[in-house]
Amino acid sequence: MRWLVIPTAGTVQALAGMALAASLALLAGLPVETVALLAGAVLLPALAWALFDLWRSLRLWRQAPLRIERTLPGAFSLGVPTVLTLVLVNESPRAWAVTVFDEVDPRFAFEGLPQSLSVPPASRAELRYTVTARERGVALFGITQLRWRSRGGCFEVQQPLGQPGKLRVYPNFAALARYAWLSGDRRLAQIGIKTYVQRGLGTDFRQLADYKTGDSLRHIDWKATLRHQRPIVREFQDDRDQCVFFLLDCGRRMRADEGGPDQDGQGSSHFDEALNALMLLSYVALKEGDEVGAMTFGGVPGQRRDFAPRKGAATLNALMNRLHDIQPGAMHSDYLLAAQDLLRVQRRRALVIVLTNFRDEDSAELRPAIKLLRRQHLVLVASLRERVLGRIAGQALSTPADAVDVAAAHLFAQSRRDAFARVVGQDPLSMDVEPAQLAVSLVNRYHAVKRAGLL
């Protein structure tokens, strides 16, 4: 165990005071021998007392040292403040004055450290501090650094306590939780998600229900009506057992970042927004009974992530465990190679959602890739557009320079729309939206596909 002994501020001030007094005595003309004798008469007893204080404190500490218990969550969410708890257990009959600092992962912001407190004898003292993850992946928490004061107050002894910990940082689940809550209350329109009456639609039987005004008479179940002595109809739902497959771009374009965490505490990079949208639509599709799969492209060679399509309640957790720590790289994304790889691993027809950040110069590569995928799959290209374009295009014209900026933003946006239209053709499903709109737009497109029976 590494121990570090540090003089307290009081000890340093006492030594400084003695040195100052000796200097003043010499300036006043006292002989050096006299000053040395006086300083020694004061310093030697003080030094002896300090050494005795250190020896006694170390002996008492070894007899009953403080223990530390750190409570960590099962995982962290990106951008979500999390309160961590440290408990100091004192089993000795003496109080200890301590200062605590926890070794937080450098990719976290934190508040509430270090903290100083006194731990009463035979008691437990609890302190809390807040951490906020600023990057997905694996978080490493080191050991806790504890600095305790000697009994006489001459020294502080710093030593490590506890054990290091390793936890995962997942994408922010706020959007998913909000969707689940609003869908339960039938208020999804509040976040822009369109809902449709399902009674009598689709081809898969769902359940029997009481007849309501407007229900089709051809859906009346006459046997159930006679049995219950009231009109009973059959309800249907959209086709299930279909597949949603995500093709996630991990190339350099997805590293675009337009500032710090947004108002919901989520990461603001295009890749984080794409991952949040992927997670939300995966949840929706799994709730609808469909399979969900994913494959990354454009990242570091040899580090492609695959997730075979599956369904069930545990699929979302498995998908996030597979993708939570991936980061966009500095490589160029090869769309055609990604399409060829997907066709090899996914032969069954699926709704393939390409999550990327489109540029005009990508047209020559993206168009043949989409054409290749469309031979077997229904393809939805979801491109992320920088928010700054909208802000510049909508700013007030206060100066002539503002007019130039606004005109350039509109020209660039129009050029981008034209290039995107040339790539996707007359496809009404594909979209080029700002990151904050991606998740809701994807869910609405998914519902439109299900409703139209395009798969």
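Reply: The cover over the buried residues of helix H2 (residues 32–63) includes strand S1 (4–7), helix H1 (9–27), strand S5 (96–102), strand S10 (144–149) and strand S11 (155–161). This is a predicted model, where local features need pLDDT of at least 70, side-chain atom pairs count only at pLDDT 80 or more, and totals for chains, interfaces and linings use all residues. Residues are numbered from 1 along each chain as its sequence is written, and side-chain values use heavy atoms, with hydrogens and water left out.

A few words on terms. Helices (H or I, at least four residues) and strands (E, at least two) are DSSP runs, numbered from the N terminus. Buried means under 20% relative accessible area, exposed over 50%, and partly exposed in between (1.4 Å probe, protein chains only). Contact means heavy atoms within 4.5 Å.

Back to H2: its buried residues are Val35, Ala50, Asp53, Leu54, Ser57, Leu58, Leu60 and Trp61.

Thr8 has 2% relative accessibility, so it counts as buried. Its side chain joins that of Thr11 in a polar contact of 3.1 Å. Such a contact is a pair of N or O atoms within 3.5 Å; within protein, one must be able to donate a hydrogen and the other to accept it, and residues adjacent in sequence count only if both atoms are side-chain atoms. Leaving aside residues up to four places away in sequence, Thr8 touches Arg149, Gly153, Cys154, Phe155 and Glu156.

Another loop residue is Arg136, between strand S8 (123–133) and strand S9 (137–141). Arg136 is at 3% relative accessibility and therefore counts as buried. Its side chain makes a polar contact of 2.6 Å with the side chain of Asp272.

Last stop, strand S15 (residues 243–249): 7 of its 7 residues are buried, so S15 is largely enclosed by the rest of the structure. Cys243, Phe245, Leu247 and Asp249 point one way, and Val244, Phe246 and Leu248 the other. In a regular strand, side chains alternate between the two faces of the sheet. S15 runs parallel to strand S16 (residues 291–297), joined by 7 bridges; two strands pair if DSSP finds at least two bridges between them. Leu248 stands opposite Thr296 in S16.
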